[in-house]
Amino acid sequence: MVHIKHRTRGAPKIVMRGEPRFKSRRGLRRTQRRTPGNITVVHYEKKMPGKPLCAICKNYLHGIPRNKPIKISHMNRTGKTVQRPFGANLCSPCTREVLVWKARVKYKIAKADDVPIHYRQFVKV
Ligand SMILES: [Zn+2]
């Protein structure tokens, strides 16, 4: 079924096809496509996921692609992650702090209770 939303002189004819029902529109965004029959059709595409963030400081992570999951699944492994401990989870300054606290706890320079609370889930005792 084709609904013609509005048509005024000069403005393109916009046709809505397969409009999402109920509240399922939340994860979608509207795009307009010109078909071979010279009709502008509104398509609904899935929104892009957000940028990956560091788990501790919430800064953007470098070297991690931002794309739809199907496109990421077609990439190779080295393109998807950073090859170091906590790669694709923590940024490099946070990784350095976590590793330093791990060594301090391991060699008993500091106790497990001295570790700052936001590093604690990564410094396993
Ligand atoms: Zn961080």
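Cysteine 54 is buried, at a relative accessible area of 1%; buried here denotes under 20% relative accessible area, exposed over 50% and partly exposed the range in between, with a 1.4 Å probe and protein chains only. The model is a predicted one, in which local features need pLDDT of at least 70 and side-chain atom pairs count only at pLDDT 80 or more, while totals for chains, interfaces and linings use all residues. Residues are numbered from 1 along each chain as its sequence is written, and side-chain values use heavy atoms, with hydrogens and water left out.

The ideal angle for four tetrahedral donors is 109.5 degrees. Distant parts of the chain are linked by the pair of cysteine 54, in the loop between strand S4 (40–46) and helix H1 (69–73), and cysteine 94, in helix H3 (residues 92–106), 40 residues apart. Cysteine 94 is buried at 7% relative accessibility, as is cysteine 91 at 11%, whereas cysteine 57 is partly exposed at 32%. The count of disulfides, defined as pairs of cysteine sulfur atoms within 2.5 Å, is zero.

The protein chain contains three helices and four strands, arranged from the N terminus as β-β-β-β-α-α-α. These elements are DSSP runs numbered from the N terminus, helices being H or I of at least four residues and strands E of at least two. Of the 125 residues in the protein chain, 22% are buried. Among contacts (heavy atoms within 4.5 Å) with a separation of 6 or more, 26% involve residues 24 or more positions apart. The accessible surface of the protein chain is about 9900 Å², and carbon and sulfur atoms account for 54% of this area. Areas were computed by the Shrake-Rupley method with a 1.4 Å probe, and for residues only the protein chains shown count as cover.

Two salt bridges are present in the structure, each defined by a side-chain nitrogen of Lys or Arg within 4 Å of a carboxyl oxygen of Asp or Glu. In one of them, arginine 29 pairs with glutamate 45, with 3.2 Å between the closest N and O atoms. This pair connects distant parts of the chain, with arginine 29 in strand S3 (residues 28–34) and glutamate 45 in strand S4, 16 residues apart. Arginine 29 is partly exposed, with a relative accessible area of 39%, while glutamate 45 is buried at 19% relative accessibility. Glutamate 45 also forms a salt bridge with arginine 33, where the closest N and O atoms are 3.2 Å apart. Arginine 33 lies in strand S3, 12 residues from glutamate 45 in strand S4, and is partly exposed at 44% relative accessible area. Through shared partners, the salt bridges join Arg29, Arg33 and Glu45 into one network.
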